[in-house]
Amino acid sequence: MGQSASTSSIPSSLNRRDNSNPNPSRRMKNRSTDEISVVPIEDSRICSYQSSDEDGEDAAAAAVADLDLDAVDDCPDLISDLPDECLAHVFQFLGAGDRKRCSLVCRRWLQVDGQSRHRLSLDARSDILISIPSIFDRFDSISKLALKCDRRSVSIGDEALVLISLRCKNLARFKIRGCREIAEVGMAELARNCRNLKKLSCGSCSFGARGINAFLDHAAALEELSVKRLRGLTDGAAMEPIGPGAAASTLKTICLKELYNGQCFESLILGAKSLKTLKLFRCSGDWDRVLESISVDQVAGLREVHLERLQVSDCGLAAISSCLDLEILHLVKTPECTNAGLTSIAERCKLLRKLHIDGWKTNRIGDEGLAAIARRCPNLQELVLIGVNPTSHSIGLLTSNCRNLERLALCNSETIGDAEISCIATKCLALRKLCIKGCPVSDQGMEALAGGCPNLVKVKVKKCRGVTSEGAEWLRSNRGSLAVNLDIIAAMEPQEAGASDGEAQEIGGEQQYPSLIKQRTAAADVPSSSSSSSSRRCRSAFSKAKIGLLARRNFVASTIKRWSQSNSNPQ
Amino acid sequence: MASTSNSTSSKIITLRSSDGEVFEVEESVALESNLIRRMMEDDCANNIIPLPNVTAPIFYLVIEHCKKHAEMKDNKEKKKELRSQGEELLKSDPHTYSNLMEAVNYLDIKSLMDLTAQWLADFLKGKSPRLIRELLKIKNDFTPEEEAEILERNRWAFD
């Protein structure tokens, strides 16, 4: 704990001159008010400055003379009066590059920067080893550390990690990327030495289940664990389960991304007794089974669940519905989830506040599921629907039942037209923010908005061909306090529109391949009980299909409505 | 202009700077300072509150900026304007800047602490160590060896 004292306080034994100049404004004394003030006196009622300064003319000369005297001092800089704590505060407003440059200005700045730096990101190549003592001599107050190694270099190993952990005992957050040489010994020592570590995020490392277990066995303060692309997770008989270790009572958030055999985290998820948030992104294999054991083991405190591009079906959703305190659910591109699954959530998770669904245009979640949400989840504050096609039936129910709905986003819905917007405008009294993207709405919808939603502060309209700039302008002028954000795409040529479609990048970073459109329909019919490997294939088919859809949407807006019935290419 | 509209009802606080000037300031403005707030809570409110570390011209600047800051709360334009004033001050009179920030720090006014820090930060952004030294008349007290060593260490940190 030797370092804890130095984290917050900045030693006063530096070479600044706070005592050498007991009256720091001495130089100011002879100057006129006008010279000093950046702003003229405006309101004498507020501040009655009851003095007039003398001899403004000679002030400058006097100041210069003063300055010359000061030049005798060892550090005669113009802002040397600034206490270290102020300088440290200034540095907090600078990025790492600027801080680096500032550290080279003078000794005092180097010292202040070093002692006030809480975040550090290091290039974790193996040859940093010899520099570690001097680096951490200088930065002795680090609480957030990131070690990143690029793919082509040899990363630091356990020796360096142990050395670093000994120098940074107050570390609260630690992030490692691409450090392939680190193994379980290093991870165990890290947890042993950094007793206050609250967050660990590791990506593209190779220490596998053993490394995670070695770490968790000692990580008694850990609250958040994020694991991405961890190598060395095996399946089948060789699978080593990952358990909560010492973090069982503190761990609140688990985030798993792009893992093969991520199912070996099951006992960790079940064993984390304080778990509030579970995020699973793009992890291969069947996740229903893991989620089902959650319902058996009663991970009851779960408040937030994110599922993205995952093989999870209605069984998994039914399992999640046993978390009665669930407030936030994100279902993004989980093609096997249907209305039935969403209904089971609605029936039991009555505290649901935020719901995000990206239906991936599979039409498996729609009116029925949303109507159930509307009936059972009156606390809903935020609803985001992407590629979902609800009709006025469920929209009507949502708007009249969810009286707290403040934020609503409707993207790429073929069924959201002016009538639906009108319904929202008249019934969503609490709505503050509305986003409409790629929906067949027109200026009429904007008109409806102008007259409704009394609490609306922000409207965003993107890629809606029916809305003209006049419509947006009209809305602006009729609702002065409303921030209206509109982009116009109407005048674009179809091909251009496809090529320059920013949303394709926004959603998946993908480009257009219109010819792949037929694959989407094929993929949508993959049975929900598909095996792990077929799910991988299905996933890629889906992402390709998505590309096609995105491109196609721009070609002929009017034919989009029929896409789900026929898969013929309009071009 | 919230500060002016309720000026009739607001209490006036009297403060004395280190060089003996007396200021009458609206309570709402004075309470921006956590130091003054604490002093008032300790029941010095009926007397003149002494500010031994702040001179009159600097205190005047502090008050002005407190008012400006209150006005700009929801006004992006003014925010920008206020933020850009820092460069002017730092170029023309770094001493005053330094004294202003020190006073703000002493008076413990969070909003102005951030504003004045932002000024210097904006001023430093993108400038080389040499240029910073030149503009602020800071002496380079490193030996060439030390400078080389820092450069070498900096190499490991990501921008």
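Modeller: The turns below treat salt bridges and then a pair of helices.

Modeller: This is a predicted model, in which local features need pLDDT of at least 70, side-chain atom pairs count only at pLDDT 80 or more, and totals for chains, interfaces and linings use all residues. Residues are numbered from 1 along each chain as its sequence is written, chains are lettered from A and ligands numbered from 1 in the order in which they are written, and side-chain values use heavy atoms, with hydrogens and water left out.

Biologist: How many salt bridges are there over all chains?

Modeller: Side chains of opposite charge can pair when their charged atoms come close. With a salt bridge taken as a side-chain nitrogen of Lys or Arg within 4 Å of a carboxyl oxygen of Asp or Glu, the count over all chains is 32.

Biologist: Where in helix H5 of chain A do A:Arg101 and A:Asp98 stand relative to each other?

Modeller: They are 3 residues apart in that helix (residues 96-103), which means a separation of about one helical turn; helices are DSSP runs of H or I with at least four residues, numbered from the N terminus. A:Asp98 is buried at 12% relative accessibility, whereas A:Arg101 is partly exposed at 29%. Here buried means under 20% relative accessible area, exposed over 50%, and partly exposed in between (1.4 Å probe, protein chains only).

Biologist: Which residues are linked in a network of salt bridges?

Modeller: The network links A:Arg99, A:Asp113, A:Arg117 and A:Arg138.

Biologist: At what angle do the axes of H5 and H7 of chain B cross?

Modeller: Axes are lines fitted to C-alpha atoms, for helices over the stretch in contact, and angles run from 0 to 180 degrees between N-to-C directions. The axes of H5(B) (residues 76-92) and H7(B) (residues 110-124) come within 8 Å and cross at roughly 65°. Residues in contact (heavy atoms within 4.5 Å) include B:Leu82 and B:Leu89 of H5(B), and B:Trp119 and B:Phe123 of H7(B).

Biologist: Which salt bridge does B:Asp122 form?

Modeller: B:Asp122 pairs with B:Arg83, their closest N and O atoms being 2.8 Å apart. B:Asp122 belongs to H7 and B:Arg83 to H5 of chain B, so the pair ties together parts that are 39 residues apart in sequence. B:Asp122 is partly exposed at 26% relative accessible area, and B:Arg83 is partly exposed at 37%.

How values were computed: Helices (H or I, at least four residues) and strands (E, at least two) are DSSP runs, numbered from the N terminus.
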